[in-house]
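We will walk through it together, one part at a time.

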Amino acid sequence: MALDRPIPPDPYEVLPAVPSFTLTSNDVQNGEPLATEFAHPSVGGGNQSPHLAWTGFPAETRSFTVTCYDPDAPTGSGFWHWVLVNVPAEVTELPRGAGGTPSAGASGAFSVRNDYGEQSYGGAAPPAGDRPHRYVFAVHALDVEQLELTPEASPAYVGFNLTFHTLARAVVRPTYQVKD
């Protein structure tokens, strides 16, 4: 089966522009391959969310949303790996593995269902032999303390709400590929 297809745009290039701030990690770097521990068990991974820390966001930030999205998935809609909403403004770091227990260090935060159907982080799992996929980890600084959503909200609905409340965004884009 051939998976030849155009490279989709970065998801944030097609949304209204917002200022940026700094997202760092002890675990992932821009353009560098993810370690297997951050991949999904279906490809032999540990399914751990990476450590993330952020600084330089606007002073008027009232909360954060953390997302991980694969625009390169061979679907018409990409693939949502993680959507953590209502992270309090005083939380500026998530430890490795926080995606399995979304309240770890982020009281009141919750994950909506990812495209695996789980309310947690789901690691990278591109089709074997496909080109390297980009995993867009983003922290969105919001102008509200809480998005009026429930854990049953879809990632697309969260994204729709983010469009109207994002003051600034920080992004890191590691990659992952499963060899044949």
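Phe164 sits in helix H1, which covers residues 155–165; helices (H or I, at least four residues) and strands (E, at least two) are DSSP runs, numbered from the N terminus. With a relative accessible area of 55%, Phe164 is exposed. Here buried means under 20% relative accessible area, exposed means over 50%, and partly exposed lies in between (1.4 Å probe, protein chains only). Together, Tyr157, Phe160 and Phe164 make a nonpolar surface patch of about 370 Å². A patch is built from residues with over 30% relative accessible area and no salt bridge, where like charges are joined within 9 Å and nonpolar side chains (Val, Leu, Ile, Met, Phe, Trp, Tyr) within 5 Å.

Before going on, a word about what you are looking at. This is a predicted model, in which local features need pLDDT of at least 70 and side-chain atom pairs count only at pLDDT 80 or more, while totals for chains, interfaces and linings use all residues. Residues are numbered from 1 along each chain as its sequence is written, and side-chain values use heavy atoms, with hydrogens and water left out.

Now step back to the whole protein. Its secondary structure comes to one helix and ten strands, and from the N terminus the elements follow the order β-β-β-β-β-β-β-β-α-β-β. The radius of gyration is 15 Å, close to the 16 Å that the globule rule gives for 180 residues, so the protein is as compact as a globular protein of that length. That radius is taken over C-alpha atoms, and the globule rule is 2.2 Å times the number of residues to the power 0.38. Along the principal axes, the C-alpha atoms fill a box of roughly 50 × 30 × 30 Å. Of the 180 residues, 49% count as buried. Among contacts (heavy atoms within 4.5 Å) between residues at least 6 apart in sequence, 75% join residues at least 24 apart. The accessible surface comes to about 8300 Å², of which 52% belongs to carbon and sulfur atoms; such areas come from the Shrake-Rupley method with a 1.4 Å probe, and for residues only the protein chains shown count as cover.

Next, find the sheet. In what order do the five strands of the open sheet lie? The order is S6-S4-S3-S8-S9, with antiparallel pairing. Strand S6 (110–111) and S9 are the edge strands, each pairing on one side only. Two strands pair if DSSP finds at least two bridges between them.

Follow strand S8 (residues 136–142) through this sheet. Seven of its seven residues are buried, so S8 is largely enclosed by the rest of the structure. In a regular strand the side chains alternate between the two faces of the sheet. On one side of S8 you find Val136, Ala138, His140 and Leu142, on the other Phe137, Val139 and Ala141, and all are buried. Six bridges pair S8 with strand S9 (residues 166–172) in the antiparallel sense, and Phe137 stands opposite Val172 there.

S8 is also joined to strand S3 (residues 63–70), by seven bridges in an antiparallel arrangement. Across this pairing, Thr65 has His140 as its bridge partner, and Phe64 has Ala141. Is S3 buried or exposed? Eight of the eight residues of S3 are buried, so this strand is largely enclosed too. Seven bridges join S3 to strand S4 (residues 79–88), again antiparallel, with Tyr69 opposite Trp80.

Finally, look at the charged side chains. Side chains of opposite charge can pair when their charged atoms come close. A salt bridge is a side-chain nitrogen of Lys or Arg within 4 Å of a carboxyl oxygen of Asp or Glu, and by this rule the count comes to six. One of them joins Arg96 and Glu37 (3.1 Å, N to O). Arg96 lies in the loop between strand S5 (93–94) and S6, and Glu37 in the loop between strand S1 (22–24) and strand S2 (52–55), so the pair ties together parts that are 59 residues apart in sequence.

Another salt bridge brings Arg134 and Asp72 together (2.7 Å, N to O). Arg134 is in strand S7 (residues 133–134) and Asp72 in the loop between S3 and S4, 62 residues apart. Asp72 counts as buried, at 2% relative accessibility.
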